[in-house]
Amino acid sequence: MNEHLARRTDPATSKAAAKKVNTTVTETHKQVLRIMLNMYNPTEDNVCEAAVDAGVVQRHEQARRIVRTLRDKQLVIAAIDGETGWQLSGRNSSGCVALAWELSYEGICAAKYS
């Protein structure tokens with residue numbers, strides 16, 4: 001079920017561990033997804049700041065872990081690919097350029113209907 005969390009070249013122990021990862025979307029995850037519904041080309045940092053500002057979490061690092069889990073383990077946040085096939089980027093509040101993200105179809109469904 002969670003085989004996508006292990007690489008084809010990983011040892012059997014890593015593949016077994018990947019199968020045990022809990023990929024349930026919690027209420028906190030859903031709140032972050034709902035925040036992303038109203039954002040245009042957000043960077044990871046933009047989403048984290050919005051989650052802290054909305055009171056979903058207290059610290060930026062908590063939000064960062066949630067965003068990474070949603071992206072890497074639950075596959076409900078995906079890269080925004082431009083017309084050229086390159087991933088789009090946006091600006092953080094610090095002015096730094098970073099990769100932009102969006103909700104996948106599954107992420108939109110989790111945010112709107114659960």
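Which residues in α2 meet which residues in α4? The close-ups below, taken from a predicted model, start with that contact.

**View 1. Helix α2 packs against helix α4.** From α2, the residues T28, H29, V32 and L33 take part; they meet I66, V67, T69 and L70 of α4. By class, this contact has 5 nonpolar residues, 3 polar residues and no charged ones. Helix α2 spans residues 27–37 and α4 spans residues 60–73. Their axes lie 10 Å apart, at an angle of about 85 degrees. Angles of 65 to 115 degrees count as roughly perpendicular, so α2 is roughly perpendicular to α4.

**View 2. Helix α5 has a buried side and an exposed side.** The helix covers residues 105–113, and its buried residues are G107, A110 and A111. Seen down the axis of α5, these fall within an arc of 95 degrees, so they line one face of the helix. An α-helix has 3.6 residues a turn, so residues three or four places apart point the same way. Turned away from the buried side of α5 are the exposed residues Y105, K112 and Y113. The cover over the buried residues includes α2 and β4 (101–103).

**View 3. A100 is buried in a loop.** The loop runs between β3 (97–99) and β4. A100 has 0% relative accessibility, and buried means under 20%, so A100 counts as buried. Leaving aside residues up to four places away in sequence, A100 touches N41, P42, T43, A79, I80, Q87, L88, S89 and G90. One of these contacts is Q87. A100 and Q87 are 13 residues apart along the chain, with 7.2 Å between their C-alpha atoms.

Notes:
Residues are numbered from 1 along each chain as its sequence is written. This is a predicted model: local features need pLDDT of at least 70, side-chain atom pairs count only at pLDDT 80 or more; totals for chains, interfaces and linings use all residues. Side-chain values use heavy atoms; hydrogens and water are left out. Axes are lines fitted to C-alpha atoms, for helices over the stretch in contact, and angles run from 0 to 180 degrees between N-to-C directions. Helices (H or I, at least four residues) and strands (E, at least two) are DSSP runs, numbered from the N terminus. Angles under 35 degrees count as roughly parallel, over 145 as roughly antiparallel, 65 to 115 as roughly perpendicular and the rest as oblique. Contact means heavy atoms within 4.5 Å. Ala, Val, Leu, Ile, Met, Phe, Trp, Tyr, Cys and Pro count as nonpolar, Asp, Glu, Lys and Arg as charged, and the others, Gly among them, as polar. Buried means under 20% relative accessible area, exposed over 50%, partly exposed in between (1.4 Å probe, protein chains only). The arc is that of the directions from the helix axis to the C-beta atoms.
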